[in-house]
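Please have a look at the sequence and the model below, and then try each task before reading on.

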Amino acid sequence: MQQIKELDQPDKKWLDLLCRLSEENVVSGRGGPFSALVIKNNELIASACNDVLRSGDPTAHAEVNAIRAACKKLGSFQLEGCILISSCEPCPMCLGAIYWARPSAVFFMNTREDAATIGFDDQFIYDEITLEPEFRKIPFKPLKWPEASEAFHLWKAKADKTPY
């Protein structure tokens, strides 16, 4: 794996940019005080803010938006050789997206505890993840449907698939 300079500490200009983007997002009313950047070789690949309120999309978190934009720009579904910098510790949804995107490192400024003090408390989701589906606050009910596994069998047998 190539050595990535930014793995030690991102450049101050990126941290300042994140702070400015987060503040502007609050003032504009587009979404919460969250922003994220994807950097590769100290070059900005993508920047994004939380866009939940404007878009009406509960998945429009800064990290997810930045990952989508960076992957599109790079023409890849993975962020190999990139770092993701977030204004806050990623929520469980963003954490999952980050692991699927596979950046080389993630940096964050505010903690999940900091976010909880301003009304963005994700602890209940962390707690729900560890529960068996039938014990979650929103019922998760498995369906027994024999035809549902056919697509899985097709994928397993597909010789020319691209694993991800």
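**Exercise 1**

Which side chain meets that of Asp16 in a salt bridge?

*Solution.* Before starting, note that this is a predicted model, in which local features need pLDDT of at least 70, side-chain atom pairs count only at pLDDT 80 or more, and totals for chains, interfaces and linings use all residues. Residues are numbered from 1 along each chain as its sequence is written, and side-chain values use heavy atoms, with hydrogens and water left out.

Step 1: apply the criterion, a side-chain nitrogen of Lys or Arg within 4 Å of a carboxyl oxygen of Asp or Glu. The partner is Lys12, at 2.4 Å from N to O.

Step 2: check accessibility, where buried means under 20% relative accessible area, exposed over 50%, and partly exposed in between (1.4 Å probe, protein chains only). Asp16 is partly exposed at 40%, whereas Lys12 is exposed at 57%.

**Exercise 2**

*Solution.* Step 1: a search of the whole structure gives seven salt bridges. One of them joins Arg112 and Glu89, at 3.2 Å from N to O.

**Exercise 3**

Is Ser35 buried or exposed, and what does its side chain meet?

*Solution.* Step 1: Ser35 sits in strand β1, residues 35-40. With a relative accessible area of 0%, Ser35 is buried.

Step 1: the side chain of Ser35 makes a polar contact with the side chain of Ser22 at 2.8 Å. A polar atom of the Ser35 side chain also lies 2.9 Å from the backbone oxygen of Leu18.

**Exercise 4**

How many aromatic pairs does the structure hold?

*Solution.* Step 1: rings of Phe, Tyr and Trp (its six-membered ring) pair if their centres lie within 6.5 Å; planes under 30 degrees apart count as stacked, over 60 as edge-to-face and the rest as tilted. There are three such pairs.

Step 1: Phe34 and Phe120 form an edge-to-face pair, 4.9 Å centre to centre with 90° between the planes. Phe34 is in the loop between α1 and β1 and Phe120 in the loop between α5 and α6, so the pair ties together parts 86 residues apart in sequence. Phe34 is buried at 13%, while Phe120 is partly exposed at 35%.

Step 2: Phe77 and Tyr164 are also edge-to-face, at 5.9 Å centre to centre and 65° between the planes. Phe77 lies in the loop between α3 and β3 and Tyr164 in the segment after α7, so this pair ties together parts 87 residues apart in sequence.

Step 3: Phe77, Trp155 and Tyr164 form one aromatic cluster.

Methods
Helix = DSSP H or I, 4+ residues; strand = E, 2+ residues; numbered from the N terminus. Polar contact = N/O pair within 3.5 Å; in protein donor to acceptor, adjacent residues only side chain to side chain.
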